[in-house]
Amino acid sequence: MAGAVEAKLAELGLALPDVVPPLASYQPAVRSGVYVYTSGQLPMVDGKLAVTGKVGAEVTPDEAKELAKTCALNALAAVKSVAGDLDRIARVVKVVGFVASASDFTGQPGVINGASELLGAVLGDKGVHARSAVGVAVLPLDAPVEVEVQVELVDA
């Protein structure tokens with residue numbers, strides 16, 4: 001049964017995807033005390049990347065912002081896989097976004113806004129977080145964007 005967070009996703013025309021299986025030797029998310037840490041989430045949809053390449057070259061900033069939103073949805077799925085219920089999120093503590101960037105691209109914060117804005121739209125004040133947005137040379141599978149999320153849970 002879907003809770004309030006998943007109902008909000010549905011209201012926004014979104015659905016929580018299945019957890020993206022790990023590409024290597026790691027877990028999609030782990031819980032430590034009241035915190036859940038996700039591994040870096042790529043913009044995978046139905047098991048594959050819709051877009052590859054560098055932002056500012058093959059991928060536009062607007063496309064990358066949408067991909068960051070997909071990464072955040074995948075992160076929420078990973079959180080649910082260990083928390084059991086997204087309504088247990090007390091707050092999003094930190095978001096770290098990586099943007100595979102063309103050498104002259106400096107708009108990483110705008111790209112990662114896709115993830116931040118989604119978390120705010122879905123979680124309201126609980127979605128407000130600290131954040132880093134980092135430009136990198138390349139990401140796994142030639143993904144344009146990768147996002148990791150740390151959340152604090154309320155005790156069940």
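Me: Is Y35 buried, partly exposed or exposed?
Reply: This is a predicted model, and the relative accessible area of Y35 in it is 29%. Buried would need a value under 20%, and exposed a value over 50%. Y35 has 29%, so the class is partly exposed.

Me: How is the aromatic pair of Y35 and Y37 classed?
Reply: The count of aromatic pairs comes to one. In this pair, Y35 and Y37 have ring centres 6.4 Å apart, with 45 degrees between the planes. Planes under 30 degrees apart would count as stacked, and over 60 as edge-to-face. The angle of 45 degrees makes the pair of Y35 and Y37 tilted.

Me: Which residue in strand 7 stands opposite Y35?
Reply: Strand 2 covers residues 35-38 and pairs with strand 7 in the antiparallel sense over three bridges. In strand 7, the residue opposite Y35 is E152.

Me: Over how many bridges do strand 5 and strand 7 pair?
Reply: Strand 5 covers residues 89-100, and its pairing with strand 7 is antiparallel. The number of bridges between strand 5 and strand 7 is nine.

Me: How many of the nine residues of strand 7 are buried?
Reply: Strand 7 is largely enclosed by the rest of the structure. The reason is the number of its nine residues that are buried, which is seven.

Me: How many residues apart are E6 and K80, whose side chains meet in a salt bridge?
Reply: The count of salt bridges comes to five. In one of them, the side chains of E6 and K80 meet at 2.7 Å, N to O. E6 is in helix 1 (residues 4-11) and K80 is in helix 2 (residues 61-83), so the pair links distant parts of the chain, with a separation of 74 residues.

Me: Which of the classes, buried or partly exposed, does E6 fall in?
Reply: K80, the partner of E6 in the salt bridge, has a relative accessible area of 27% and is partly exposed. E6 has 17% relative accessibility. The cut-off for buried is under 20%. E6 is therefore buried.

Me: How many residues apart are K54 and D142?
Reply: The side chains of K54 and D142 meet in a salt bridge at 3.4 Å, N to O. K54 is in the loop between strand 4 and helix 2, and D142 is in the loop between strand 6 and strand 7. This pair links distant parts of the chain, with a separation of 88 residues.

Me: About how many helical turns separate K69 and E66?
Reply: K69 forms a salt bridge with E66, with the closest N and O atoms 4.0 Å apart. K69 is partly exposed at 26%, and E66 is partly exposed at 48%. Because K69 and E66 are three residues apart in helix 2, the separation is about one helical turn.

Me: How is helix 2 placed relative to helix 3, by class of angle?
Reply: Helix 2 and helix 3 (residues 108-123) pack with their axes 7 Å apart, at an angle of about 40 degrees. Helix 2 passes helix 3 in a right-handed crossing. Angles under 35 degrees would count as roughly parallel, and 65 to 115 as roughly perpendicular. The angle therefore makes helix 2, relative to helix 3, oblique.

Key
Residues numbered from 1 in each chain as written. Predicted model: local features only at pLDDT ≥ 70, side-chain atom pairs only at ≥ 80, totals over all residues. Heavy atoms only, no water. Helix = DSSP H or I, 4+ residues; strand = E, 2+ residues; numbered from the N terminus. Buried < 20%, exposed > 50% of the residue type's maximum accessible area, 1.4 Å probe, protein only. Pairing = 2+ DSSP bridges. Phe/Tyr/Trp six-rings, centres within 6.5 Å; stacked < 30°, edge-to-face > 60°. Axes fitted to C-alpha atoms, helices over the stretch in contact; angles between N-to-C directions. Parallel < 35°, antiparallel > 145°, perpendicular 65-115°, else oblique. Left-handed = near helix turned anticlockwise from the far one by under 90°.
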